[in-house]
Amino acid sequence: MVGTRPNFMKVAPVAAELARRPEAFEHVLVHTGQHYDRPMSDVFFEQLQVGRPDHMLDVGSGTHAQQTARVMARLEPLLDELQPDLVVVPGDVNSTMAAALTAAKLQIPVAHLEAGLRSFDRTMPEEINRVVVDQVADLLFIHSPEARDHLLAEGRDPVDVAYVGNTMIDTLVALRERIEAEDTPTALGLTPGGYLAVTLHRPALVDGPLLEVALDELARIAGHFDVVFPAHPRTRARIEAEGLRHGRVRLLEPLGYLPFMSLVAAAAGVLTDSGGIQEETTYLRIPCFTLRDNTERPVTVSMGTNRLLGLDPSRIAEIPELIARADGAEGVIPPLWDGDASRRIADLLAGLDDYRGTWAAGRAAGEEAAA
Ligand code: UD1
């Protein structure tokens, strides 16, 4: 199952690994259509070489209830028809939760990629999605040490949890050469190491007065650095509707995966409120400044290059100084963020006869195979 931009990078390497083992797996890719614009969706299928989705549910935008309900109503008959042995759902978006609930209610086993992340902030829709999915999923694939603690604290059985590594980093590792060949900085007339890349799209930041403050602060530091901001449609729509000024900040259309990662890889720093980008910058060892009060990915702070600025755009003013001070502080890449997570997942799944009853026994066999 995929639905939104960040899902594609997490599922593509798993789908590719399953496809490499036709004797063990037959997989079907379903796209809910939560994201649908070409730069938010199609471009990723082309660049990640995962093939077109086998089924498209076309749910589009809407309120949380509308989006969730549409995924459930459209997915249920498809799952009834396909009768899969397992439904794999990634991340924490509305499509993830809707798909997990639909499958669980049909008694179809569910595996959650990126299980156990918690911000402990239920004002974030994603946090509600994470908690729900991790309660109904049968297999919990984690990529961060604290995820296991969260799952056990919520009553999950340790045998259901497997630390497999980070499938989004699999995509980054697999496409590293193509990302380098892309050379987005040169295409945009930027000096490598001399600009700030920005992505901001969360409702808490862009749907209220903070977006204007953030743009003012960014315009101010655009004197020190070039500031490049590929804007999510939600953000762009707000900027246009409110007529917000952005001075020398370069607003761009959303970029595809390869050009965006090329932009990040050569940046002096990245300002974001995204989840995935906190991880990608940690892997690439690029300073990341997260404009949120919390993160469900604390390992990127404790081990990686991420720093929480708080939901306080006035702190953007500190970024040039923080980048100068961070010079050489490269952090450490968390364990098993190594490009092999999808192989471990496929090894584990191949060791199972059925995905519910024999998980405990099969997991032991799969872990042995993975080792
Ligand atoms: C969703 C996820 C969020 C994730 C983000 C990544 C939920 C609750 N949120 O947020 O966790 O970080 O995706 O991008 O699932 N729009 C378009 N074209 C598109 C998609 C969206 O114009 O292809 C616009 C629409 O105006 C839409 C708005 O963006 O109403 C928000 O889209 P939606 O999918 O509801 O949430 P995101 O903000 O994208």
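User: Which element gives the most residues to the lining of the largest pocket?

Analyst: Quick caveat: this is a predicted model, where local features need pLDDT of at least 70, side-chain atom pairs count only at pLDDT 80 or more, and totals for chains, interfaces and linings use all residues. Residues are numbered from 1 along each chain as its sequence is written, and side-chain values use heavy atoms, leaving out hydrogens and water. A pocket here is an open set of points on a 1 Å grid over the protein atoms alone, with protein on both sides within 12 Å along at least five of seven lines, and lining residues have an atom within 4 Å of a point. Five lining residues come from the top contributor, H1.

User: What volume does the largest pocket have, and which residues are closest to its centre?

Analyst: A volume is the space filled by probe spheres set on the grid points, which are joined across faces, edges and corners. For the largest pocket that gives about 1,100 Å³. Its lining has 47 residues, and the closest to the centre are Pro 6, His 35, Met 40, His 201 and His 232.

User: How does the lining of the second largest pocket divide by class?

Analyst: This pocket holds about 690 Å³, and H1 again gives the largest share of its lining, four residues. Ala, Val, Leu, Ile, Met, Phe, Trp, Tyr, Cys and Pro count as nonpolar, Asp, Glu, Lys and Arg as charged, and the others, Gly among them, as polar. On that basis the lining comes out as 20 nonpolar, two polar and four charged.

User: Which helices each supply at least two residues to the lining of the second largest cavity?

Analyst: A cavity is a set of grid points where a 1.4 Å probe fits but cannot get out. Helices are DSSP runs (H or I, at least four residues), numbered from the N terminus. The two you want are H1 (5–19) and H2 (42–48).

User: What radius of gyration does the chain have, and why does that agree with a compact globule?

Analyst: The radius is taken over C-alpha atoms, and the globule rule is 2.2 Å times the number of residues to the power 0.38. With 371 residues, a compact globule would come out near 21 Å, so the chain agrees, at 20 Å.
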